[in-house]
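Reader: I would like to learn how to read a helix face and a set of salt bridges. Can we work through a case?

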Amino acid sequence: GAAPIPPVPPVGAPPMGAPPMFPPPGMPPPSQTAVPQFIQPPGSAPVPTPIPGVAQPLVEHLQPTNVEHLQPPSKKPKLSEEPQVLDEEEFAAKYPGKVALNIKISEPNDQWNLTPQNFTVELPSISSSILEVKQQILSVIATTLPVGKFQLKSSISFMKDKQTLAQANIAPGSSLELKVKQRGGRR
């Protein structure tokens with residue numbers, strides 16, 4: 001069988017016949033040529049050659065050669081693209097007067113006679129509700145689509161009928177997408 005592995009001496013004690021398997025953190029390895037050097041700059045560390053009869057540590061875990069896969073993809077906050085959400089009064093104060101919105105229908109729907117198109121609707125104020133926007137849409141396009149069978153999607157999320165444009169921070173000139181609701185939940 002294999003020779004028994006000698007115990008690793010405590011830090012600061014002289015080696016007992018065999019070199020330690022790896023140096024303690026922060027200490028240089030003993031100056032014997034048979035012991036591979038584990039602390040090296042990333043990317044330049046050669047794979048150490050195994051020493052017969054001595055168990056080798058898993059070198060991959062000690063050398064940061066490919067750190068990219070250990071970190072999640074960078075999720076940088078989109079502060080530059082999406083301004084902070086303002087409260088309703090603050091947002092409404094920025095946009096007095098009528099509000100024109102761009103509406104986009106990208107998916108045709110034969111059941112409701114919808115064709116892909118872009119058009120504009122105008123609302124009396126930024127305090128108009130999403131339900132009022134939907135009713136205005138239905139007055140502009142020729143469809144039998146009931147107001148409860150579709151939803152409006154902003155660049156961020158779907159909006160609830162009770163929300164106002166100011167609550168959702170939908171500025172004049174914004175684009176909203178009309179999506180027909182699917183039965184049976186998400187698909």
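Author: We take the helix first, then the charged pairs. Keep in mind that this is a predicted model.

Reader: Which residues of helix 3 are buried?

Author: Start with the general idea. An α-helix has 3.6 residues a turn, so residues three or four places apart point the same way. Now the case. Helix 3 spans residues 130-140, and its buried residues are Ile130, Val133, Lys134 and Ile137. They cover an arc of only 100° around the axis, which puts them on the same side of helix 3.

Reader: What covers the buried residues of helix 3?

Author: Strands are part of the cover. Included are strand 1 (99-105), strand 2 (117-123), strand 3 (150-153) and strand 4 (175-180).

Reader: Which side chain does Lys134 meet in a salt bridge?

Author: The general idea again comes first. Side chains of opposite charge can pair when their charged atoms come close. Here the partner of Lys134 is Asp161, at 2.8 Å from N to O. Lys134 sits in helix 3 and Asp161 in the loop between strand 3 and strand 4, so this pair ties together parts 27 residues apart in sequence. Asp161 is partly exposed, at 27% relative accessibility.

Reader: How many salt bridges does a search of the whole structure find?

Author: Four. One of them joins Glu122 and Lys98, with the closest N and O atoms 3.7 Å apart. The pair links distant parts of the chain. Glu122 is in strand 2, and Lys98 is in the loop between helix 2 (88-94) and strand 1, 24 residues apart.

Reader: How accessible are Glu122 and Lys98?

Author: Glu122 is partly exposed at 45% relative accessibility. Lys98 is exposed, with a relative accessible area of 61%.

Reader: Which residue forms a salt bridge with Lys179?

Author: Glu107 does, and the closest N and O atoms are 3.1 Å apart. Lys179 lies in strand 4 and Glu107 in the loop between strand 1 and strand 2, so the pair ties together parts that are 72 residues apart in sequence. Glu107 is partly exposed, at 45% relative accessibility.

Reader: Which residues do salt bridges that share partners join into one network?

Author: Glu107, Glu177 and Lys179.

Definitions and conventions: Residues are numbered from 1 along each chain as its sequence is written. This is a predicted model: local features need pLDDT of at least 70, side-chain atom pairs count only at pLDDT 80 or more; totals for chains, interfaces and linings use all residues. Side-chain values use heavy atoms; hydrogens and water are left out. Buried means under 20% relative accessible area, exposed over 50%, partly exposed in between (1.4 Å probe, protein chains only). Helices (H or I, at least four residues) and strands (E, at least two) are DSSP runs, numbered from the N terminus. The arc is that of the directions from the helix axis to the C-beta atoms. Contact means heavy atoms within 4.5 Å.
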